[in-house]
Amino acid sequence: MAQVTDEQVVSIEKLGQQLRHLRLTSAQALRQMKRSLARHGQLSALSVFRADEGALQIVDGFKRVHAARELGLAELRVRVVAQNAVQAKLALPLLNGAA
């Protein structure tokens, strides 16, 4: 597994959603995330990986990105947790406490 890097702030527009199909999100969960983000700010960094072309792709944090866009935020904190899509998929259970 890749070494986790320190957090960095990046533009939301630079975050890809290649793995979005692996996550299910309800409308209620999105509303709750939007309220939390508006009230408390970003509590934890998104987990991302660097795709072959070097772009950052989200592994965990799709609801935060959706809520941030609705709130008009331009940037979010991210942390690189994998170096490719395979490692990112393997990391999902660990990121969500299912391991």
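Residues 24 or more positions apart supply 80% of the chain's contacts with a separation of 6 or more. The model is predicted. Its chain holds 3 helices and 5 strands. From the N terminus, the elements follow the pattern β-β-α-β-β-α-β-α.

**Burial and surface**

- The chain has 99 residues, and 36% of them count as buried.
- The accessible surface of the chain is about 5900 Å². Carbon and sulfur atoms account for 49% of that surface.

**The sheet**

- The 5 strands form an open sheet with the order β1-β5-β3-β4-β2. Pairing in the sheet is mixed.
- The edges are taken by β1 (8–11) and β2 (15–16). Each has a single partner strand, so one side of each lacks a neighbour in the sheet.
- Strands β1 and β5 pair in the antiparallel sense, over 4 bridges. Val9 has Arg77 in β5 as its bridge partner.
- Strand β3 (residues 46–50) runs parallel to strand β5 (residues 75–82), and 4 bridges join the two.
- Two positions show how residues meet β5 here. Leu46 stands opposite Val78 in β5. Ser47 has Arg79 in β5 as its bridge partner.
- In a regular strand, side chains alternate between the two faces of the sheet.

**Helices across the sheet**

- Helix α2 (residues 62–71) lies across β2, β3, β4 (56–60) and β5. Helix α2 runs at about 115° to β4.
- Helix α3 (residues 85–95) lies across β3, β4 and β5. Helix α3 runs at about 30° to β4.

- Buried residues in α2 are Phe62, Arg64, Val65, Ala67 and Ala68.
- Just after α2 comes Gly72, with a positive phi of about 80°.

**Arg64, a buried arginine**

- Arg64 sits in helix α2. Its relative accessible area is 11%. The cut-off for buried is under 20%, so Arg64 counts as buried.
- A polar atom of the Arg64 side chain lies 3.0 Å from the backbone oxygen of Ala45.
- Leaving out residues up to four places away in sequence, Arg64 touches Met33, Leu37, Ser44, Ala45, Leu46 and Leu76.
- One of these residues, Leu46, is the residue that stands opposite Val78 in β5.

**Gln42, buried in a loop**

- Gln42 is placed in the loop between α1 and β3.
- The relative accessible area of Gln42 is 18%. That value is under the 20% cut-off, so Gln42 counts as buried.
- The side chain of Gln42 reaches the backbone oxygen of Ser44 at 3.0 Å.
- Leaving out residues up to four places away in sequence, Gln42 touches Leu37, Leu76 and Arg77.
- Arg77 is also the bridge partner of Val9.

- Leu37 and Leu76 are among the residues touched by Arg64. Leu37 and Leu76 are also touched by Gln42.
- Ser44 is touched by Arg64, and the backbone oxygen of Ser44 is reached by the side chain of Gln42.

Technical notes:
Residues numbered from 1 in each chain as written. Predicted model: local features only at pLDDT ≥ 70, side-chain atom pairs only at ≥ 80, totals over all residues. Heavy atoms only, no water. Pairing = 2+ DSSP bridges. Contact = heavy atoms within 4.5 Å. Axes fitted to C-alpha atoms, helices over the stretch in contact; angles between N-to-C directions. Buried < 20%, exposed > 50% of the residue type's maximum accessible area, 1.4 Å probe, protein only. Areas by Shrake-Rupley, 256 points an atom, 1.4 Å probe, with all protein chains shown as cover. Polar contact = N/O pair within 3.5 Å; in protein donor to acceptor, adjacent residues only side chain to side chain.
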